[in-house]
Amino acid sequence: MSELYIRVAEDENEEPMEIPSEDDGTVLLSSVAAQFPGACGLRYRNPESQCMRGVRLVEGVLHAPENDWGNLVYVVNYPKDNKRKMEEIDAASAVKIKRGFQKTSDLIVLGLPWKTTEQDLKDYFSTFGEVIMVQVKRDAKTGNSKGFGFVRFADYEMQTKVIAQRHMIDGRWCDCKLPNSKVCPDEPMRSRKIFVGRCTEDMTTDDLRQYFMQYGEVTDVFIPKPFRAFAFVTFADDQVAQALCGEDLIIKGVSVHISNAEPKHNNIHQLFPNFPGGSASLAAMFDRSQLSIPSSHV
């Protein structure tokens, strides 16, 4: 019996590939999977009803409908789990590329000299790119500067460049940061910091920075001393931080768990009643990190 080929495609609209049949006219699922990894079956569109029909599969062998494969194009079936995994991969990829489509935000400028005006601020930051807003915060009664202000750029790349460095403004070093954002006044602050649990002692701040940079701009990495098997990572974008929460990631061959870093006003003494040195020493440590341990990791 001459070898018969059937036409198989990953999608109805794609160009099909010819898959060889066996001597008895059946097709092995392994032959299909060799060309379409992960395939678990075939289906085809019934010419009369125009409905999709499944091909009978018995112990890894696909049987022709009505004993004749005909000239139809058969479409590959994949497990639903595979589809979900692909959706998860697409979502992770979206996190990585999201920065390219990110809108600019108001940046807070800390440590401004009292004499700095809005024009001074605009003149300085215009050297980086187009500035669309500047503001120096002032006391409502006296009109004196409060020592900080805000700036917004037209271009996102300029924003990230400004955040990455310190700035000498009117003879004083100033910091420019992306403040925690609110979607609306009634919503809680969304942290740009994540809690990384189950860390090992051989993980350094550089290791964590290099790993998390694949997801977005990393502005800070903090590992408490003495070592406590956790760390904090701060992103420039709070949405990247929130997207990673709840994930288990592999870093240097170790599975770490990512969760939200909660505000430091949580009751530390209740979370760590037996911490060496008492709650005062623990509170001091978290004042340095500006964070507290998520309750899910106690």
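How many helices and strands are there in the chain? There are eight helices and 18 strands. Helices (H or I, at least four residues) and strands (E, at least two) are DSSP runs, numbered from the N terminus.

Some ground rules. This is a predicted model, where local features need pLDDT of at least 70 and side-chain atom pairs count only at pLDDT 80 or more, while totals for chains, interfaces and linings use all residues. Residues are numbered from 1 along each chain as its sequence is written, and side-chain values use heavy atoms, leaving out hydrogens and water.

Now the chain as a whole. Of its 298 residues, 35% are buried. Buried means under 20% relative accessible area, exposed over 50%, and partly exposed in between (1.4 Å probe, protein chains only). The accessible surface comes to about 17700 Å². Carbon and sulfur atoms hold 49% of that surface. The areas come from the Shrake-Rupley method with a 1.4 Å probe; for residues, only the protein chains shown count as cover.

Next, contacts, meaning heavy atoms within 4.5 Å. Take those with a separation of 6 or more: 60% of them join residues 24 or more positions apart.

On to the cores. A nonpolar core is a set of buried Ala, Val, Leu, Ile, Met, Phe, Trp, Tyr and Cys residues joined through side-chain atoms within 4.5 Å. The largest has 21 residues. Which of them touch the most other members? Ile194, Val196, Phe212 and Phe235 do. Several elements supply at least two residues each, including strand E14 (193–197), helix H5 (205–212) and strand E16 (230–235). Look at Phe212. Leaving out residues up to four places away in sequence, Phe212 touches Ile194, Val196, Val218, Val233, Phe235, Leu244, Leu249, Ile251 and Ile258. Another core lies apart from the largest one. That core has 18 residues, among them Leu107, Val151, Cys174 and Leu178.

Last, the aromatic rings. Rings of Phe, Tyr and Trp (its six-membered ring) pair if their centres lie within 6.5 Å; planes under 30 degrees apart count as stacked, over 60 as edge-to-face and the rest as tilted. The whole structure has 15 such pairs. Phe195 and Phe230 are stacked, at 5.4 Å centre to centre and 25° between the planes. Phe195 sits in strand E14 and Phe230 in strand E16, 35 residues apart. Phe195 is buried at 2% relative accessible area, and Phe230 is buried at 8%. Phe230 also pairs with Phe232: their centres are 5.8 Å apart and their planes at 75°, so this pair is edge-to-face. Elsewhere on my list, Tyr124, Phe125, Phe128 and Phe153 form one aromatic cluster.
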